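Subject: Structure for your study

Dear colleague,

I am pleased to hand over the structure below for your study. Please keep it open while you read the notes that come after it.

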Amino acid sequence: MSVERAVETTIRYARKFGCSLSGEEIAERLISKRQYRHKEVTDAAAKMGVSKKNSNKIWQGKVGKGKWLANYIEKKIPLVVFMGLTGSVATKHPKQEDDVDFLIVTRRNSLWLCRLWLKFILVKEHIPHRRYGQKEAGNDFCFN
């Protein structure tokens, strides 16, 4: 399969999910049995009129909110070992009404204490978050 055909295949697949990929994203997710150099893929995508970088302002805003919260939690809860964004924000294609999904890994044997501590901070500081039984709301944080 040529690089052009691999790029076309990747674009068509992403469209099935309502996504419009940038050249960089196509290079990351290229559907091909053959490996191509990053530059080959982005050049082929550019020839097809695909922008090089993701300019999704919604994604940029949600990532910014996620970074802010991650820094805040890191300062307040020493039991957290790792935090990462998941869901539509992680795929770089959130919609305005999507929440910001977080994965949090805690120190061994501290999950429930960390959950309690996190819940206290979220309520005390009025940080919008998804509560048990509620539907997803745009820009609310959802913890996994």
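**Overall form**

Please bear in mind that this is a predicted model. The secondary structure of the protein consists of six helices and three strands. Read from the N terminus, these elements follow the order α-α-α-α-β-α-β-α-β. The radius of gyration is 19 Å, whereas the globule rule gives 15 Å for 144 residues; the protein is therefore more spread out than a compact globule. The C-alpha trace spans about 55 × 30 × 25 Å along its principal axes.

Of the 144 residues, 37% are buried. The accessible surface amounts to about 9,700 Å², and carbon and sulfur atoms hold 55% of this surface. Among the contacts with a separation of 6 or more, 65% are between residues 24 or more positions apart.

**The sheet**

The three strands form an open sheet in the order E1-E2-E3, and their pairing is mixed. Which strands stand at the edges? They are E1 (80-86) and E3 (141-143); each has a single partner strand, so one side of each is left without a neighbour in the sheet. On average, neighbouring strands of this sheet are turned by 30 degrees against each other, direction ignored.

E1 and E2 run antiparallel and are joined by six bridges. E2 (residues 100-106) pairs with E3 in the parallel sense, over three bridges.

Leu85 has Phe102 in E2 as its bridge partner. Phe102 also stands opposite Phe143 in E3. Asp101, in turn, has Cys142 in E3 as its bridge partner.

Two helices pack on this sheet. Helix H4 (residues 57-76) touches E1, E2 and E3, and its direction makes about 170 degrees with that of E1. Helix H6 (residues 111-124) also touches E1, E2 and E3, and its direction makes about 140 degrees with that of E2.

Is E2 largely enclosed or largely open? Five of its seven residues are buried, so E2 is largely enclosed by the rest of the structure.

In soluble globular proteins, nonpolar side chains tend to be buried together. In this model, the largest nonpolar core has 19 residues, and the members that touch the most others are Ile73 and Ile77. At least two residues of this core come from each of H4, E2 and H6. The element that gives the most is H4, with six residues.

What does Ile73 touch, once its neighbours within four places in sequence are left aside? Ile73 is in contact with Val80, Met83, Ile104, Leu118 and Phe143.

Another core, of 13 residues, lies apart from the largest one; Ile11, Leu21, Tyr36 and Ala45 are among its members.

**Residues in the loops**

- Lys92 is in the loop between helix H5 (87-90) and E2. Lys92 is not a glycine, yet it has a positive phi of about 70 degrees. Its relative accessibility is 22%, so Lys92 counts as partly exposed.
- Asn109 lies in the loop between E2 and H6. Asn109 likewise has a positive phi, of about 60 degrees, although it is not a glycine. Its relative accessibility is 80%, and Asn109 therefore counts as exposed.
- Gln35 is found in the loop between helix H2 (23-29) and helix H3 (38-47). At 76% relative accessibility, Gln35 counts as exposed. From C-alpha to C-alpha, Gln35 and Val3 are 9.0 Å apart in space, while 32 residues separate them in sequence.

**In brief**

The picture to keep in mind is an open sheet of three strands, with helix H4 packed on it and helix H6 packed on it as well.

Yours sincerely,
A colleague

Note on methods: Residues numbered from 1 in each chain as written. Heavy atoms only, no water. Pairing = 2+ DSSP bridges. Helix = DSSP H or I, 4+ residues; strand = E, 2+ residues; numbered from the N terminus. Axes fitted to C-alpha atoms, helices over the stretch in contact; angles between N-to-C directions. Contact = heavy atoms within 4.5 Å. Core = buried A, V, L, I, M, F, W, Y, C linked by side-chain atoms within 4.5 Å. Buried < 20%, exposed > 50% of the residue type's maximum accessible area, 1.4 Å probe, protein only. Rg over C-alpha atoms; globule rule 2.2 N^0.38 Å. Areas by Shrake-Rupley, 256 points an atom, 1.4 Å probe, with all protein chains shown as cover.
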